Amino acid sequence: MDIVIIGSGIAGVSFAEKARTLLPDAEITLVTREHDGYYSRPLLSRGFTRSDIEQSIILKTFEQLRAGNINVIAGTEVTAINREEKSVSLDGPCQETSLSYDKLILAQGSAAFIPPPFLPYRELFFCLNSLTDLKALRQFRETFLNHNQHPSWAIIGGGLIGCEIASDLAVAGDDVTLFHAMDRLMERQLVAEDSDLLLNVLDDSGVNVLLNQNVHGFAEEDDKLCVTTDVAAEFDAVVVCCGFKPRTELAAQAGLEIDRGIKVNNYLQTSDPDIYALGDVAELPNGKLYAFILPIRSQSFWLAGFLAGQDNLGWTPPVFTTKAKVHGFDAVHPYIL
Ligand SMILES: Cc1cc2nc3c(=O)[nH]c(=O)nc-3n(C[C@H](O)[C@H](O)[C@H](O)COP(=O)(O)OP(=O)(O)OC[C@H]3O[C@@H](n4cnc5c(N)ncnc54)[C@H](O)[C@@H]3O)c2cc1C
């Protein structure tokens, strides 16, 4: 059996490794646009207080995966799924321009969601969704540190990732203002009492939290960036943290059913029986995306077992929780997931 996987995040790599052990005769090929190896995405938001992050974030190099008999094609984009031929088109330095599959696994993850009003300003702000993004942010910050200065940041969005980044930058010594549209932080994951606690913890770290902020846009003023709400304020840089968007484009072009994510049944099977989806990109029949490490690892192991003929009862989500990686913060109540 030829199995082709798109994506080298936790979904793609966990599936590949498990399938390797359960399906010794299968040809397993993983295609990824990444160059640096398989890395821990959750650690991105600790990328300013850990000086060795660009090395320590790598969980496995692509060489290590290849040594485990997984054919990794790195630095390469899958540009199309050709369902009739059962192949994918590739764009990259590799010799192949297409790959045939018996089973195709979609594990392309998610991009940062950019609210439509911010799109015209895309060149002006950062996001933190990938190791490439983190490297760009760290490089920008270095230019200040090299002059014994710390940059001032506007973080747009007081959800999980916005709060984590604001905390890490403030603990690293930078000047941080957090703009949030709602009247309390992480209102989707925390009860009100824990939102208040989080506000106090961020405040103690030196983060200036501004609630009920309607950010209209951004403007360049000399070497500063102006964030316009009802008033205007200037910063050295802006990071937009407004959630995530599953990468559904390839699936949509191939005519697979999509909604917020790629729609799958309880067998993680898309509307094409030979194509499966898992991780941030997959939307289950209950309408949920399980965009957390623990359920994604569970999906990956389950799917490898299913393809090896082990289980035909369907994937069920495990009991799991999360924890905001804000320095000094521990929620008192369970998270809402
Ligand atoms: C800053 C941050 C902090 C987080 N913290 C936590 C946490 O503490 N706990 C937790 O449970 N979750 C956390 N998450 C969420 C968690 O990291 C994600 O749910 C998980 O990493 C998703 O894994 P994935 O494999 O589905 O997708 P991804 O990790 O996004 O991997 C997808 C891969 O596919 C590649 N790709 C996409 N399209 C193509 C293509 N066409 N061709 C080739 N390659 C392609 C991408 O480059 C990427 O490498 C965090 C996320 C972020 C961004």
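Which order do the strands of the open sheet of 4 strands follow, and is their pairing parallel or antiparallel? In this predicted model, the order is β13-β12-β11-β17. The pairing is parallel. The edges of the sheet are formed by β13 (208-210) and β17 (237-240). Each of these two strands pairs on one side only. On average, neighbouring strands of the sheet are turned by 20° against each other, direction ignored.

A second pairing is antiparallel. Strand β6 (residues 77-82) and strand β7 (residues 87-91) pair in this sense over 5 bridges. V78 stands opposite L90 in β7. The two strands form a hairpin, with 4 residues between β6 and β7. The turn includes K86, which has a positive phi of about 55°. In a regular strand, side chains alternate between the two faces of the sheet.

Helix packing was examined next. Two packed helices are described by the angle between their axes and the distance between the axes. For helix α1 (residues 10-22) and helix α8 (residues 293-307), the axes come within 8 Å. They cross at roughly 35°. The crossing of α1 past α8 is right-handed. On the α1 side, the contact is made by I10, A11, S14, F15, K18, A19 and L22. On the α8 side, the contributors are I293, I296, R297, Q299, S300, F301, L303, A304, G305 and L307. By class, the residues of this contact comprise 11 nonpolar, 4 polar and 2 charged.

At the level of the whole chain, the protein is divided into two domains. Domain 1 consists of two segments, 2-111 and 244-307. Domain 2 spans 114-240. Taken over C-alpha atoms, the centres of domain 1 and domain 2 are separated by 30 Å. The contact between them takes 11 residues from domain 1 and 14 residues from domain 2. The side of domain 1 that touches domain 2 has 5 nonpolar, 3 polar and 3 charged residues.

Note on methods. Residues numbered from 1 in each chain as written. Predicted model: local features only at pLDDT ≥ 70, side-chain atom pairs only at ≥ 80, totals over all residues. Pairing = 2+ DSSP bridges. Axes fitted to C-alpha atoms, helices over the stretch in contact; angles between N-to-C directions. Left-handed = near helix turned anticlockwise from the far one by under 90°. Contact = placed C-beta atoms within 7 Å. Nonpolar A, V, L, I, M, F, W, Y, C, P; charged D, E, K, R; others polar. Domains from an automatic or database assignment.
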